[in-house]
Amino acid sequence: MAGPRVGDVTPQPVFVDVDTGVDDAMALAYLFASDDAEVVAIASTAGNVPVQQVCRNNLALLDLCQITGVPVSKGSEQPISAPLRTAEDTHGPEGLGYAELPPTKRQLTAHDAAEAWVLAAQAYPGELVGIATGPLTNLALALRVEPQLPKLLRRLVI
């Protein structure tokens with residue numbers, strides 16, 4: 001889905017890998033509102049809360065912000081080399097402080113977050129900006145699937 005053109009600016013395709021707690025929810029809302037960015041996919045990763053809750057947060061946030069056409073993928077439930085340590089003490093029981101977003105009927109993609117990284121990079125070769133704000137598990141797994149991933153990205157922001 002192409003974003004709107006503003007003046008001579010074409011929105012930059014952005015892939016976001018998040019462990020959506022309060023901070024990532026704000027970052028996503030800013031990206032959704034930006035004329036300079038077009039979020040093309042969201043990867044959910046375990047971090048602030050378990051990955052199942054991150055998925056629910058991402059899908060519900062899309063509803064809240066009235067964003068359509070952005071696929072959300074589930075990432076790994078555990079880090080590769082260390083035990084998962086969540087932060088409900090900081091981000092609340094569901095990761096969004098004490099806000100409770102309504103349930104959504106939106107569904108996750110059939111593919112996992114590692115594959116989502118690769119698919120997005122292949123769809124936007126040399127253009128895609130990858131943003132990872134949480135644990136880098138999905139990115140590490142994506143690199144195992146596609147070692148050329150860094151060359152497909154325009155930029156990676158961590």
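A salt bridge, for this talk, is a side-chain nitrogen of Lys or Arg within 4 Å of a carboxyl oxygen of Asp or Glu. By that rule, the count here is 2 salt bridges.

Some ground rules. This is a predicted model, where local features need pLDDT of at least 70 and side-chain atom pairs count only at pLDDT 80 or more, while totals for chains, interfaces and linings use all residues. Residues are numbered from 1 along each chain as its sequence is written, and side-chain values use heavy atoms, with hydrogens and water left out.

Salt bridges, then. Side chains of opposite charge can pair when their charged atoms come close. Take Asp63 and Arg106. Their closest N and O atoms are 2.4 Å apart. Asp63 sits in helix 2, residues 51-64, and Arg106 in the loop between helix 3 (88-91) and helix 4, so this pair ties together parts 43 residues apart in sequence. Helices here are DSSP runs of H or I with at least four residues, strands are E runs with at least two, and both are numbered from the N terminus.

How covered are these two? Cut-offs: buried is under 20% relative accessible area, exposed is over 50%, partly exposed is in between, with a 1.4 Å probe and protein chains only. Asp63 is partly exposed at 34%. Arg106 is partly exposed too, at 24%.

Next bridge: Lys74 with Glu77, at 2.8 Å from N to O. Lys74 has 30% relative accessibility and counts as partly exposed. Glu77, at 41%, is also partly exposed.

Now aromatics. How many aromatic pairs does the structure hold? It holds 1. Rings of Phe, Tyr and Trp (its six-membered ring) pair if their centres lie within 6.5 Å; planes under 30 degrees apart are stacked, over 60 edge-to-face, and the rest tilted. Here Phe15 and Trp117 have ring centres 4.4 Å apart and planes at 45 degrees, so the pair is tilted. Phe15 lies in strand 1 (residues 12-18) and Trp117 in helix 4 (residues 113-123), so the pair ties together parts 102 residues apart in sequence. Phe15 is buried, at 0%. Trp117 is buried, at 0% as well.

Last, the surface. Val22, Met26 and Tyr30 make a nonpolar patch of about 320 Å². Patch residues have over 30% relative accessible area and no salt bridge; like charges are joined within 9 Å, nonpolar side chains (Val, Leu, Ile, Met, Phe, Trp, Tyr) within 5 Å. Areas come from Shrake-Rupley with a 1.4 Å probe; for residues, only the protein chains shown count as cover. Met26 is in helix 1, residues 22-33. At 44% relative accessibility, Met26 is partly exposed.
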